[in-house]
Amino acid sequence: MNKIEHTFGYEFNSLLLNLYCDHNDSVAWHRDKESRYSDRPVIASLSLGETRKFNLRKLSRHQSRHGIPLPNGSVLMMKGDLQEHWEHRLAKSSSLMKERLTLTFRLVNLL
Ligand SMILES: O=C(O)CCC(=O)C(=O)O
Ligand SMILES: [Fe+2]
């Protein structure tokens with residue numbers, strides 16, 4: 001956590017874990033856009049285990065899509081206007097996959 005905070009210059013105050021047991025586990029298209037996040041959410045996601053492909057697509061034009069392989073130990077940073085204009089997902093895979101865990105560090109509005 002310290003290394004991620006130092007690298008990106010944020011003090012995260014929330015951690016959400018995602019466990020994908022195998023290739024059948026997935027997260028559907030969504031935006032991380034809730035009242036507990038700021039208008040421009042900051043999320044750093046550390047991937048551990050199996051490499052899975054992370055997809056991004058533009059809200060206004062679904063054909064505009066990217067696929068980013070996230071290998072063990074990689075960190076994906078989502079910030080700025082990303083949640084405003086883009087959706088993301090972790091799709092099922094057609095090939096066999098072992099476990100993957102993501103640690104998603106987030107900045108959350110505290111009461
Ligand atoms: O596991 C991932 O890489 C994505 C997870 C995700 O989108 C989320 O936790 O909001
Ligand atoms: Fe997400």
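**View 1. Arginine 57 and its bridge partner in strand 7 of the predicted model.** In this predicted model, arginine 57 has glutamate 87 of strand 7 as its bridge partner.

**View 2. The open sheet with strand order 2-7-4-5.** Four strands make up this open sheet, and their pairing is antiparallel. From one strand to the next, the twist averages 15°. Strands of a sheet pair through backbone hydrogen bonds, in either a parallel or an antiparallel arrangement.

**View 3. The open sheet with strand order 1-8-3-6.** This open sheet likewise consists of four strands with antiparallel pairing. Its edges are formed by strand 1 and strand 6 (75-78), each of which has a single partner strand, so one side of each lacks a neighbour in the sheet. Neighbouring strands are turned by 20° against each other on average, direction ignored.

**View 4. Leucine 46 opposite valine 75.** Valine 75 in strand 6 stands opposite leucine 46. Strand 3 (residues 43-49) and strand 6 run antiparallel and are joined by four bridges.

**View 5. Ligand 1 in the largest pocket.** The largest pocket holds ligand 1. Strand 1 (14-20), strand 7 and strand 8 (100-106) are the elements that each give two or more residues to the shell around the ligand. Strand 8 supplies the largest share of this shell, namely four residues. The residues surrounding ligand 1 are Leu16, Asn18, Tyr20, His30, Asp32, Phe54, His88, Leu90, Arg100, Thr102, Thr104 and Arg106.

**View 6. Polar side-chain atoms at the oxygen atoms of ligand 1.** Aspartate 32 places a polar side-chain atom 3.0 Å from an oxygen atom of ligand 1. For histidine 88, the distance between a polar side-chain atom and an oxygen atom of the ligand is 3.1 Å. Arginine 100 has a side-chain N or O atom 3.0 Å from an oxygen atom of ligand 1. Taken alone, ligand 1 exposes 290 Å², of which the protein buries 95%.

Note on methods
Residues numbered from 1 in each chain as written. Chains lettered and ligands numbered in written order. Predicted model: local features only at pLDDT ≥ 70, side-chain atom pairs only at ≥ 80, totals over all residues. Heavy atoms only, no water. Pairing = 2+ DSSP bridges. Axes fitted to C-alpha atoms, helices over the stretch in contact; angles between N-to-C directions. Near = heavy atom within 4 Å. Polar contact = N/O pair within 3.5 Å; in protein donor to acceptor, adjacent residues only side chain to side chain. Areas by Shrake-Rupley, 256 points an atom, 1.4 Å probe, with all protein chains shown as cover. 1 Å grid on protein atoms, 1.4 Å probe; cavity = no way out; pocket = protein on both sides within 12 Å on 5 of 7 lines; lining within 4 Å. Sits in = over half its atoms within 2 Å of the grid points.
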